[in-house]
Amino acid sequence: MATLYVSPHPDDFRSLLALIAAEFGLSSRPNIVTEDPPASLNARSRPALVLGTGEDCSVLSGTSAVSWYLAYQGKRTGIDVKQQSQVWQWLSFADNELIPVSCAVVFPLMGVIGVQQSSHAELMRVLKVLDQALEPRTFLVGESITLADMAVATAVLLPFKYVLHIILFSFALEPSDRETLTNVTRWFTTCINQPQFMKVLGQITLCEKMVPVTLKTNVAENTSPPKTEAQLRKEAKKKEKMEKFQQKKEMEAKKKTHPLPDSYSPQYVEAAWYSWWEKQGFFKPEYGRKSISEPNPRGIFMMCIPPPNVTGSLHLGHALTNAIQDCLTRWHRMRGETSLWNPGCDHAGIATQVVVEKKLMRERGMSRHELGRENFIQEVWKWKNEKGDRIYHQLKKLGSSLDWDRACFTMDSKLSYAVQEAFIRMHDEGVIYRSKRLVNWSCTLNSAISDIEVDKKELTGRTLLPVPGYKEKVEFGVLVSFAYKVDGSDEEVIVATTRIETMLGDTAVAVHPADPRYQHLKGKMVLHPFCDRKMPIVFDDFVDMNFGTGAVKITPAHDHNDYEVGERHNLTFINILDENGLLINVPPPFLGMKRFEARKAVLQSLKDRGLFKEIKDNPMVVPVCSRSKDIVEPLLKPQWYVNCTDMGKQAADAVRDGSLKIIPDHHLKTWFNWMDNIRDWCISRQLWWGHRIPAYFVTVSDPSVKPGEDMDGHYWVSGRSEEEAREKAAKRFNVSTQDLNVFYPGTLLETGHDILFFWVARMVMMGLKLTGKLPFKEVYLHAVVRDAHGRKMSKSLGNVIDPLDVITGISLEGLHAQLTDSNLDPLEVEKAKQGQKSDYPNGIPECGTDALRFALCAYTSQGRDINLDVNRILGYRHFCNKLWNAVKFAMKTLGDNFVPLEKESVSDRWILSRLSAAVGLCDAGFKAYDFPGITTAIYNFWLYELCDVYLESVKPVFSKAEEDSTSQRQALVCRQTLYTCLEVGLRLLSPLMPFVTEELYQRLPRRQPQRDPPSICVTSYPDTEEFCWHSEEVDRDMEFIMTVVKTIRSLRADYNLTKTRADCYLQCIDSATASLVQKYSLQIQTLSYSQAIIPLTANQPVPEGCAVAIASDRCTVNLMLKGLIDVEKEVAKLMTKKGDLEKQMEKLRENMAKSDYKEKVPVKVQEQDAEKLRQSQTELEKVKEAMDNFRKMM
């Protein structure tokens, strides 16, 4: 491993650069040492990098050499020679221009003597050069962070920390200076918020005022008397008021001194808003009210997050869940409801125990049994406290507006008490009981696992699979046939099995009652070849007569179907496996063997005795433990069960009578199928990390009762009196019931349909059982995320994407590196790399949180699957850029002194009608969980109506604003309308894109500055009562006008009029249509790039020299071309094009006419050829039409 020697000083920018470059490296990070390198290494200065060990080691010293080497490892030095040269150029700029002037300005302030002081003007000169270079781009070189950004950012780190604070406001710089550094600020903020920078630098606190840095001096001890509690409370209140005032002042200063950067950067926009929202308490239900118990006429919205595992990491499924849940929460909050989205995390018993066990073995070479239960539990808590909040940080990156003060962990005292109380109550009622049944057993985990933790691996035939604890792979996917001798005769019965080792536990052979081949064997026995066991031949309807020989071996203790046969026929249950997968209750030589070693031994012994018949491939499903990757064994174990019959009926009835609503309703069939046929629920897990069952075995002096083996529950007791439990709980855990009273039952559960039974149904059953109330009124089930090809997300396919990689972007090499660091098989890694290379040849571009959230919501149709294409997410990043530019243009148009009216004008009827329509669609969409409807309404309004039509059509109004009083009044009305569209449009979008809408909203002036809320996330959501200007008549008129505009544009394109403006004569069918055209003539002229718009009635002649097109049955477009184009030249061009098209068509027809064309050419190619011919024919007709029109002008 390489060793990196760096300075321990926190402001040594040279060492900081090397450390940041090391964080970006793809290979293992070097060992960091904060001492001088040994003299024997002959390293001239720090940072120094030692590669290798001993005599063969090589040493790099100096900032540029070390950082270049480290950044090159992470492919951060440019993708080609040109970019590498640019990186070197910026390294030179940092060394020769920035560092000298930065040190000269900052060091004297830090008390460093002997440094020639430099002026702030010189620093500003250099920074302005940097600002100009950054104006058109996010990063200095290419589309992602390179060594250039690392070097220049660390070079300006000292001025930003100790001299300049241009993020919000600065007392050290003139406003004109601050405005000139907008792009540097955006870029620097983006850089220091990269995870690699933050890991080295931590959270950067930027200078708010330029002051000398002085050493602390001893101050005389304060001899004043201690303050009273009342004084301390008063001071705390005063401090809180000052903080709020300061934040308000900062927000105002940001708007004044820090204008919008020239281009949209997701990382710049998303860098700081979340911490501000959280600090202000916007996500708490208490915000804006004295108490949560205070009645709210607008209602209460409460939703729990389906708790992710504490070991988990975000994937796109999490991103979808949280995008939907956060949109809904933000919408309800903006509607004025008391809103709580409660976060939480599952202790993930099996997964966490496995992670900590592996860590323990890796670091200390110990098993949990060697460490002991109590010490192991301490190790798990230690791991949880160090690593367990990772997923919370990721949720914050997604903008999730959760009330983090209420975060729950399922092993917290409060929740542990609830589990204990529920168990005791239900055990006392007999709902929880103990029974010996077959469970899914993982030998590696030594625990029972639930059905949801069993992966079903489908095999097409013979397959070798790796199994934990075995050096060689184990054979599966084969069917072994062998014979049992019939007792007292020479006959034999042939049976077949995929698990030959289980024949050691066989206690019967079953055949179908109607099978004529075995009627004579009624009452007969077969002999077990390896012991003196005689086994009955039983007749049972479950046997398939047509499969194999129609005879089936029965192992009641190791197969679910066989278990039921054993129960029906009162067979012996022989357990042949212990908890570790070793054979028990079997004869030598098999006793004590590992189960899959016994598989080979049993097969060989059958061959030796002449009982083996054949072995052949057999398609099958192998149950694999999702946690340990072990093969799951059905095992008879005494476990605790919940009787679900009554609870299942209640849950089904709640949906039938409408008390509980499941959306979409195509999941109802699944719900009723599960609830009406529910089986009892095994709640036992043989784990150390988790809730211990509060039950105790009563030891009695009866040898027939083995400890823990009592099956009827007679010797098991639990708990204490309810009164005592409540007193102890209230005293020990300080349990408050206010939240429970206010927020239970909740409003909604939103989750994936794949856990409808495993999670949702059990919540409903337990809620009804323990409280008598449903836990929520509605369940909304979203679709499952698949890749762009419709495939399930799988690590081995390389299509599992971390949403943070979509947010910040990642190179193809970075994606490959994640696979290399995973625990995939090397062959699977190569397969996954090919998948990544195919889907993301250039990596994943930076899309930002807002674009990802919007895309996920846009995809969320109420179906079962979502095929997610990353390119579509990038499209929504471009949409953010369109928003950015629209607001930037609008703010320039509104001007510095614009003051919005308290009530909107309705003069610009069409755009306000479309705005009202969008408000209506969003309102209906949220109420119906129609997220594509919401995103489409907002997208269409902003892009196609506001930007493409309204903003373009009002440009002439603003350009003529100062000509006369009428123009001034018209411009004033347009400004008010434009403001309304921006402000309301941002509020509509806020639940889906919280970051960019907050950034843009904060730049807009307020209608009521003293009373309006401080953040868009607590501003009221637009509703149809307030925005009731929707007019179908106005919409129809504008739809007609836009049809005319599109027809004119199409004509211009046909005649290649890219820059030339032409007069346009619009011949209307009647005077009403002519009046309508006249009314909108300025908009038509502007949007169609026409010289003039002249409406004509049906009987007015059209001048010669016009190209003609029909806009509708009410209007014909006549575009004047005479004098604007060289007709002969255009005809000549069209003649050439006509000849080319005719040749192409002739060649295609010749190929298609060949006798063997239909037999030899693939159907897909034939379809493509037919489409090409059709398109060429259409184009040829257009060319001929254009030539005819031109000839009329000649």
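This is a predicted model: local features need pLDDT of at least 70, side-chain atom pairs count only at pLDDT 80 or more; totals for chains, interfaces and linings use all residues.

Colleague: At what angle do helix 3 and helix 4 pack?

Modeller: Helix 3 (residues 81–106) and helix 4 (residues 120–134) pack at about 150°, and their axes are 9 Å apart. Angles over 145 degrees count as roughly antiparallel, so that is how helix 3 and helix 4 are described. The crossing of helix 3 past helix 4 is left-handed.

Colleague: Which residues of helix 3 and helix 4 make the contact?

Modeller: On helix 3 they are Trp-90, Phe-93, Glu-97, Leu-98, Val-101, Ser-102 and Val-105. Helix 4 contributes His-120, Glu-122, Leu-123, Arg-125, Val-126, Leu-127, Val-129, Leu-130 and Ala-133.

Colleague: And by class, what does the contact of helix 3 with helix 4 have?

Modeller: There are 11 nonpolar, 2 polar and 3 charged residues in it.

Colleague: Changing topic, how many disulfides does the structure hold?

Modeller: The count of disulfides is 0. For Cys-1106, the nearest cysteine sulfur belongs to Cys-1064, 8.3 Å away. A disulfide requires the sulfur atoms to be within 2.5 Å, and Cys-1106 is in none.

Colleague: Is Cys-1106 buried or exposed?

Modeller: Cys-1106 counts as buried, because its relative accessibility is 13% and the limit is under 20%. Cys-191 is also buried, at 0%.

Colleague: Last one: where does Thr-555 lie?

Modeller: Thr-555 is in the loop between strand 19 (551–554) and helix 19 (560–568). Its relative accessibility is 2%, so Thr-555 counts as buried.

Colleague: What is Thr-555 in contact with, leaving aside neighbours within four places in sequence?

Modeller: Thr-555 then contacts Thr-502, Gly-505, Asp-506 and Asp-562.

Methods: Residues are numbered from 1 along each chain as its sequence is written. Side-chain values use heavy atoms; hydrogens and water are left out. Axes are lines fitted to C-alpha atoms, for helices over the stretch in contact, and angles run from 0 to 180 degrees between N-to-C directions. Helices (H or I, at least four residues) and strands (E, at least two) are DSSP runs, numbered from the N terminus. Angles under 35 degrees count as roughly parallel, over 145 as roughly antiparallel, 65 to 115 as roughly perpendicular and the rest as oblique. A crossing is left-handed if the near helix is turned anticlockwise from the far one by less than a right angle, and right-handed if clockwise. Contact means heavy atoms within 4.5 Å. Ala, Val, Leu, Ile, Met, Phe, Trp, Tyr, Cys and Pro count as nonpolar, Asp, Glu, Lys and Arg as charged, and the others, Gly among them, as polar. Buried means under 20% relative accessible area, exposed over 50%, partly exposed in between (1.4 Å probe, protein chains only).
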